[in-house]
Amino acid sequence: MREGSLVAFTLLTQAAAGACAFLLAFEWRAVRAGAGASVEAAALPVLSFALVAALLGLAASFLHLGSPRNAVRALGNLGSSWLSREILLAALFTAALAATVLLRFRPGPAGSAAGFAHGFAAVAGFGLVVTMVRAYRLRTVPSWDQRATPVAFFATAVALGALAVAAGLALRGPASTDPARGRSRSSPRGSSSSSSPSSPGSSGSGGSREGAEPSARLSRGRAASSAGSSRRGSP
C-alpha cells in the first residue's frame, strides 16, 4: 500500500507540474503569435486538472507516511533533507496552483495577478521535480543513483503535461474559434446577395432602352409619311 501511494504521489505531482509549465510556455508563445484566445479558453480546464492531480498526490503522500499526524515534523530538516524540501515545494506548488485557478475564475481575461501566480506555480513545480530526483538518487541504492533517474522524471512530467494541454485544447479550442469561422463564412454570402439584385435591375433598364429606340423610330417614320401625304393632297 505504501509503495503504491508513493508511485501515485510521484506520477500525479509530475503530471501537475508538467501541465502547469507546458501550458505557461504554450500560452506565452500563442500570445506572441496572436492566437492567445484559443489557449485562454483551454487554460482553466488544464489548470483545474493540474490542481486536482496535485491534491490527490498530496493525499497519497500522507498515506505513505507512517503516521500522517506527524507530517509537519517532516519539514524540520529543510537544511539537510531533500525529502523535507520535496514536501515544502509540493505544498507551495499546490497553493500556487489553487491561487491561479481562483484568479482564472474571474470574468474577463486573466490579469497580472493570475499570470504571476501561474509563473510561481511553474517554478515551484520545476523545483518539486528536482527535489524528487535528488531524493531518489541515493548512494545506498545504486539502481536509483543513475543519470536515467532525472531523465525519466522530467520526461514523465513533459509527456503528461503535454498530453493534458493537448486534451484541453482539443476540448475547448475549436469551440472558441467556431463563431469567427461562422462570421467569415457568412460575409461572402451577404455580399453576393447584396450584389446580385443590382445586376438584374441594370440589365433590365438596358433592355428597356434598347426596346424603346425601335418604337421611337417607327413613330417618327409614321409621322413623316402622314405629313408628306397631307402636303401632296393640298392644292
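Student: What makes the side chains of E27 and R104 a salt bridge?

Tutor: A salt bridge is a side-chain nitrogen of Lys or Arg within 4 Å of a carboxyl oxygen of Asp or Glu. In this predicted model, the N to O distance between E27 and R104 is 3.1 Å, so the pair meets that definition. Side chains of opposite charge can pair when their charged atoms come close.

Student: Which parts of the chain does the pair link?

Tutor: E27 is in helix α1 and R104 in helix α3, 77 residues apart. Helices are DSSP runs of H or I with at least four residues, strands are runs of E with at least two, and both are numbered from the N terminus. The protein chain has six helices and zero strands.

Student: Are E27 and R104 buried or exposed?

Tutor: Both E27 and R104 are buried. Buried means under 20% relative accessible area, exposed over 50%, and partly exposed in between, with a 1.4 Å probe and protein chains only.

Student: What makes R137 and D145 a salt bridge?

Tutor: Their N to O distance is 3.3 Å, and the limit is 4 Å, so the pair counts. R137 has 32% relative accessibility and is therefore partly exposed. D145, at 30%, is also called partly exposed. By this rule the count comes to two salt bridges.

Student: Why is Q14 called buried?

Tutor: Its relative accessible area is 1%, and buried means under 20%, so the label follows. Q14 is in helix α1, residues 2–32. Beyond residues up to four places away in sequence, Q14 touches M132, F153, T156 and A157; contact means heavy atoms within 4.5 Å.

Student: Why is the aromatic pair of F126 and F154 called tilted?

Tutor: Rings of Phe, Tyr and Trp (its six-membered ring) pair if their centres lie within 6.5 Å; planes under 30 degrees apart count as stacked, over 60 as edge-to-face and the rest as tilted. By this rule the count comes to three aromatic pairs. For F126 and F154 the centres are 5.6 Å apart and the planes 45 degrees apart, so the pair is tilted. F126 is in helix α4 (residues 112–136) and F154 in helix α5 (residues 148–195), 28 residues apart.

Student: Why is F126 called exposed, and why is F154 called partly exposed?

Tutor: F126 has 53% relative accessibility, so it counts as exposed. F154 has a relative accessible area of 28%, so it counts as partly exposed.

Student: What makes the charged end of R85 sit over the ring of W82?

Tutor: The rule asks for NZ of Lys or CZ of Arg within 6 Å of the ring centre and within 35 degrees of the ring normal. The charged end of R85 sits over the ring of W82, 4.4 Å from its centre.

Student: What makes L75 part of a nonpolar patch?

Tutor: Patches are made of residues with over 30% relative accessible area and no salt bridge; like charges are joined within 9 Å, and nonpolar side chains (Val, Leu, Ile, Met, Phe, Trp, Tyr) within 5 Å. L75 has a relative accessible area of 33% and is partly exposed. The patch consists of L75, L78, L88, L92, F116 and F120. F120, at 41%, is partly exposed.

Student: How do you know which residues and atoms these values use?

Tutor: Residues are numbered from 1 along each chain as its sequence is written, and side-chain values use heavy atoms, leaving out hydrogens and water. Local features need pLDDT of at least 70 and side-chain atom pairs count only at pLDDT 80 or more, whereas totals for chains, interfaces and linings use all residues.

Definitions and conventions. Accessible areas come from the Shrake-Rupley method with a 1.4 Å probe; for residues, only the protein chains shown count as cover.
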